[in-house]
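This briefing goes through a protein model by topic: helices, core, open and closed spaces, and a few single residues. Keep the sequence and the 3D view at hand while reading.

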Amino acid sequence: MWAYESVFYQIYPMGFSGAPFENDGRLEHRIKKVEEWIPHMKKLGINAVYFSPVFESDSHGYNTRDYRKIDVRLGTNEDFGQVCRALHENGIKVVLDGVFNHAGRGFGPFLDVKKNRENSPYVDWFYRIDFNGNSVYDDGFWYEGWEGSYGLVKLNLRNEAVISYLFESVKQWVEEFDIDGLRLDVAYSLDEDFVRRLRSFTQTLKEDFYLVGEMIHGDYNRLVNEQMLHSATNYECYKGLYSSFNSMNLFEINHSLMRQFGPEDWTLYKGKHLLSFVDNHDVTRIASILTNEKHLPLVYALLFGMPGTPCVYYGSEWGTKAKKEEGDPALRPCFKEPVWNELGEWISRLSEAKKHSKALNYGGFRSVLLTNKQCIFERKTDEERVLVAINADQEEFVAHFDAGCGTAVDLISGETHDFGGGSRLPGYSAFFWKMEK
C-alpha cells in the first residue's frame, strides 16, 4: 500500500484559503492556492495530501450540503480537478475527508423533510426522526444530531438509498478528481456494515484505494482490519508524544509504543500502519503545547521514527502557534505564503529518511534503552535495521548498550557513527542510525 511509505500533509481548505466561515454563496477560486504550495510540499518531502472537507457546506465543511459540488467559497469542480492533477503530476497522492456520519441542515434531502414532513421521500435518510417532538431549531420535529450537535444531522447508513448516494458520490470523486483515498470523519460513530461495504466498493474503483478512520479512543482493531479500514488516527500516541517531553518522562510514549507495536504476541497493532501526528485542525498546535521549544525538532523525530504514517499539519512545519481555546479560526488560519526555516529543513530530512527506509516504514518495534530523558528503540525488517535515538535533555548523554555492530550511518545527517566506547548523544539531539550488517 502506497500510504505506508508516504509522508502526509494535512490542509484545512476553508482556513488555508481564507474563505469566510459562513457560506456566503459567492464563487471564489480560492482552492487554486494549493498549487502555489506544491513546491513547498515537495521541499518538505510530502508525497500525500489529506484535505479536510472541500464540498459545499453550511459553514466549516463538516455540515455538508452537496456531496458532489466543491464549496463555492473554494471554487468549482474544475478548479479542484486542476489542483488534483497538479498534485498527481508532482507525485503527490490525494486523500479527501469523507463526512458520511452526518450532513448539514442545508443538505437537500433534509430541506425536503423540513418542507414536506411525513410526506417527504427522504424521511428515512436520517436517523430517528420523530414528528411528535421538536428540535433546538424549532423545526416541528426531532432528529438526532452528532453527539448533541444539531447542526450535524445524523444520516441513516442502513438506508440503501443513502448508501447508494454516498457511494456514487465517491465514484464521482475518483472519476473527476482521481482521488487516492478517504479519511473517514468520526469513523468510530459509523455503522460497521457501512464501513465494510465502503471498503469493498472502493476497491472496485482503485485496487490500492486507501481508507483511514478518525478514531479518538477504543480498540482500533474494531475498524482497522482486512475487511474495513487500512488505518486509523493514533490519538493514544498523539497524547504520549507531547506529554512525554513536557513531563520529561519518555517512559510514557515508550509504554504506548510497546503496547501497540512491541515484539510480544499480545501487542495490539503489530504490523499495522496507524496515522501518526503531533497536531491537526482539532487540537492545540504542537509549538504551543510543548513547554520547551528545544523539544520541537525532537518530537518530529519521534513521530517519523516510530511505527506509523506521519502527517504534518500545514503551518506547523515552521513552528506556528495556536491554542484550542482560542477557537477554530486560530487553529485553521490562512497564511499568505509558506515559511521555510530550520524546522522545515529538519522535517524534510526526516521525510527523506522515512520514505527510503524499509525498517522505518515496515519494521517492528523493540525498546533498546530507556530513561526519563533518553530513549533508543529499534525498527527492524529482514532487510534493514535502524536505531532511533532521542536525547531530550540539555546535557550530553553517553549511551552504553549492545548495538550488535560497530558502525552505522545516520539517515538524517548522512554521518557515520561508531559505537565503540559508548554512543554520545549531544543535548537535544536525535539520530536514525542505519546499522551496518
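In helix H7, the buried residues are Phe194, Val195, Leu198, Arg199, Phe201 and Thr202. Their cover includes H6, strand S9 (181–184) and strand S10 (210–213). The model is predicted.

- Helix H7 covers residues 192–205, which makes 14 residues. From its first C-alpha to its last, H7 reaches 20 Å, close to the 20 Å expected at 1.5 Å a residue.
- Helix H4 (residues 77–89) has 13 residues, so at 1.5 Å a residue H4 should span 18 Å. The end C-alpha atoms of H4 are 18 Å apart, which agrees.
- Which residues of H4 are buried? They are Asn77, Asp79, Phe80, Gly81, Val83, Cys84, Ala86 and Leu87.
- Just after H4 comes Gly91, with a positive phi of about 75°.

**Nonpolar cores**

- In soluble globular proteins, nonpolar side chains tend to be buried together.
- The largest nonpolar core in this model has 133 residues. Met41, Phe51, Phe100 and Tyr300 have the most contacts inside this core.
- Another core lies apart from the largest one and has 13 residues, among them Leu387, Phe397, Ala399 and Leu425.
- What does Tyr300 touch, not counting residues up to four places away in sequence? Its contacts are Val278, Ile286, Val312, Ser316, Glu317, Leu343, Ile347 and Leu350.

- The largest pocket has a volume of about 370 Å³. Of the 18 residues that line this pocket, Trp146, Glu214, His281, Asp282 and Arg332 are the closest to its centre.
- By class, the lining of the largest pocket has eight nonpolar, three polar and seven charged residues.
- The second largest pocket holds about 260 Å³ of space. Helix H11 (296–305) and helix H13 (342–355) are the elements that give two or more residues to its lining.
- H13 supplies five residues, the largest share of the lining of the second largest pocket.
- Residues lining the second largest pocket include Glu293, Leu296, Trp318, Asn341, Leu343 and Arg349. By class, the lining has five nonpolar, two polar and four charged residues.

**Cavities**

- Rolling a probe the size of a water molecule over the atoms shows where empty space is left.
- How many cavities of 30 Å³ or more does a search of the whole structure find? The search finds two.
- The largest cavity has a volume of about 110 Å³. Among the residues that line this cavity are Gln10, Tyr50, Arg183, Glu214, Asp279 and His281.
- The lining of the largest cavity divides into five nonpolar, four polar and three charged residues.
- The second largest cavity has about 50 Å³ of space. Pro53, Phe55, Gly61, Thr64, Tyr67, Asp97, Val99 and Trp173 line this cavity.
- The lining of the second largest cavity has five nonpolar residues, two polar and one charged.

- Most residues other than glycine have a negative phi.
- Arg117 has a positive phi, near 50°. Arg117 sits in the loop between helix H5 (108–116) and strand S7 (145–146).
- Arg117 counts as partly exposed because its relative accessibility is 26%, and partly exposed is the range between under 20% (buried) and over 50% (exposed).
- Met248 also has a positive phi near 50°. Its place is the loop between helix H8 (235–246) and helix H9 (251–261).
- Met248 has a relative accessible area of 22%, so Met248 is partly exposed.

**Arg366**

- Arg366 belongs to strand S14 (residues 364–370).
- Is Arg366 buried or partly exposed? With a relative accessible area of 36%, Arg366 is partly exposed.
- Arg366 and Phe261 are 105 residues apart in sequence. In space, the two are 8.3 Å apart, C-alpha to C-alpha.
- Not counting residues up to four places away in sequence, Arg366 touches Pro263, Phe377, Glu378 and Arg385.

Key:
Residues numbered from 1 in each chain as written. Predicted model: local features only at pLDDT ≥ 70, side-chain atom pairs only at ≥ 80, totals over all residues. Heavy atoms only, no water. Helix = DSSP H or I, 4+ residues; strand = E, 2+ residues; numbered from the N terminus. Buried < 20%, exposed > 50% of the residue type's maximum accessible area, 1.4 Å probe, protein only. 1 Å grid on protein atoms, 1.4 Å probe; cavity = no way out; pocket = protein on both sides within 12 Å on 5 of 7 lines; lining within 4 Å. Points joined across faces, edges and corners; volume = space filled by probe spheres on them. Nonpolar A, V, L, I, M, F, W, Y, C, P; charged D, E, K, R; others polar. Core = buried A, V, L, I, M, F, W, Y, C linked by side-chain atoms within 4.5 Å. Contact = heavy atoms within 4.5 Å. Expected span 1.5 Å × (residues − 1).
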